[in-house]
Amino acid sequence: MMGLDIAFWVLAVVSVGAALAVVLMRDIFRAALFLMLCFLTVAGIYITLSADFLAGAQVLIYVGAIGVLIIFAIMLTRESRRGSPSGRLRLPALFIGLLFLVTMVFVVVSTDWHVIAELPTEPTTTAIAQALFSGEDGFVLAFEIAAALLLAAIIGAIVLVREK
Amino acid sequence: MSVGLEHFLILSAVLFAIGLYGVLAKRNAVVILMSIEIMLTAVNIAMVAFSRYSHIISGQVFVIFIMVVAAAEAAVGLALIIAIYRSRKTVDAEKFDLMKW
């Protein structure tokens, strides 16, 4: 458990620092690279939570697919050295973010959680597949709808960026 | 003090607050989309933490669906930004007033 604790603190500090860099960096391209670092450390946090399948999916989908997509979008919409300035709502946004953070920390600390402390030892891939596709209270319909959603998103993206 | 459920939930809240600040404060539409991705990831951390500390696998199944929706949202959102950039030559969110009355 000691090694997991050290891993959690290192990953948490790096992920929060990378997320702060995303919103504070002036250079958008570097912000995108820090976003990918943040996603990678979140994959590590999934591993400390013994969610092995999700850690792999996180690296594939977020770091691989979404990261490359965002870098492509930055390359295609390069504004002439404008960087990433803050808008008029900077101070209200800071206030709302801090208000949310204080409220959430207060709620989390003051709630009495019923936790099972010992680590789940079995690999999660089989359990996730059974929860997804089992006949009773499974997620088969949601799975099919997700497939339709992805198809609609692909077609929508193609229609939006097609040259007239 | 060993790491427990509260630590993961507070980490999730911190990441969500950073993403919220980015969405509200930034002007570049791509950075706003990146902040939305940070918020979705923060929610995923909370889901996986609840799943691990209650030994109920449904939390991780929901995370898979959130990832699917996040991927679809990123694809459509970036396509919208590129389409707007073509017609307006800017990605400044404060200059998008096509649908303003």
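I'll start with helix 1 of chain A, where the buried residues are A:Leu11, A:Ala12, A:Ser15, A:Ala18, A:Ala19, A:Val22 and A:Val23. Buried here requires 20 or more other C-beta atoms within 10 Å of the residue's own, exposed is 12 or fewer, and partly exposed is in between, with C-beta atoms placed from the backbone. Helices are DSSP runs of H or I with at least four residues, strands are runs of E with at least two, and both are numbered from the N terminus.

This is a predicted model, in which local features need pLDDT of at least 70 and side-chain atom pairs count only at pLDDT 80 or more, while totals for chains, interfaces and linings use all residues. Residues are numbered from 1 along each chain as its sequence is written, and chains are lettered from A and ligands numbered from 1 in the order in which they are written.

Back to helix 1 of chain A. Its buried residues pack against helix 2 (28-48) of chain A, and also against helix 1 (5-25) and helix 2 (29-54) of chain B. Contact means C-beta atoms, placed from the backbone, within 7 Å.

Chain A as a whole has six helices and zero strands. Its radius of gyration, taken over C-alpha atoms, is 20 Å, well over the 15 Å that the globule rule gives for 164 residues, so chain A is more spread out than a compact globule. That rule is 2.2 Å times the number of residues to the power 0.38. Of the 164 residues, 25% count as buried.

An automatic or database domain assignment divides chain A into domain 1 (1-84) and domain 2 (121-164). Their centres, over C-alpha atoms, are 23 Å apart.

Now the core. A nonpolar core is a set of buried Ala, Val, Leu, Ile, Met, Phe, Trp, Tyr and Cys residues joined through C-beta atoms within 7 Å. The largest one has 75 residues, and those with the most contacts inside it are A:Val22, B:Val30, B:Met34, B:Ile45 and B:Ala49. Helix 2 of chain B gives the largest share, 17 residues. Both domains of chain A give residues to this core, so it lies between them.

Take B:Met34 from that list. Among the residues that B:Met34 touches are A:Val22, A:Leu35 and A:Ile70.

Last, confidence. The model scores ipTM 0.91 and pTM 0.92. For chain B the mean pLDDT, the predictor's confidence in each residue from 0 to 100, is 90, and 98% of its residues reach 70 or more.

Methods. Contact = placed C-beta atoms within 7 Å. Lists of a residue's contacts leave out its neighbours within four places in sequence.
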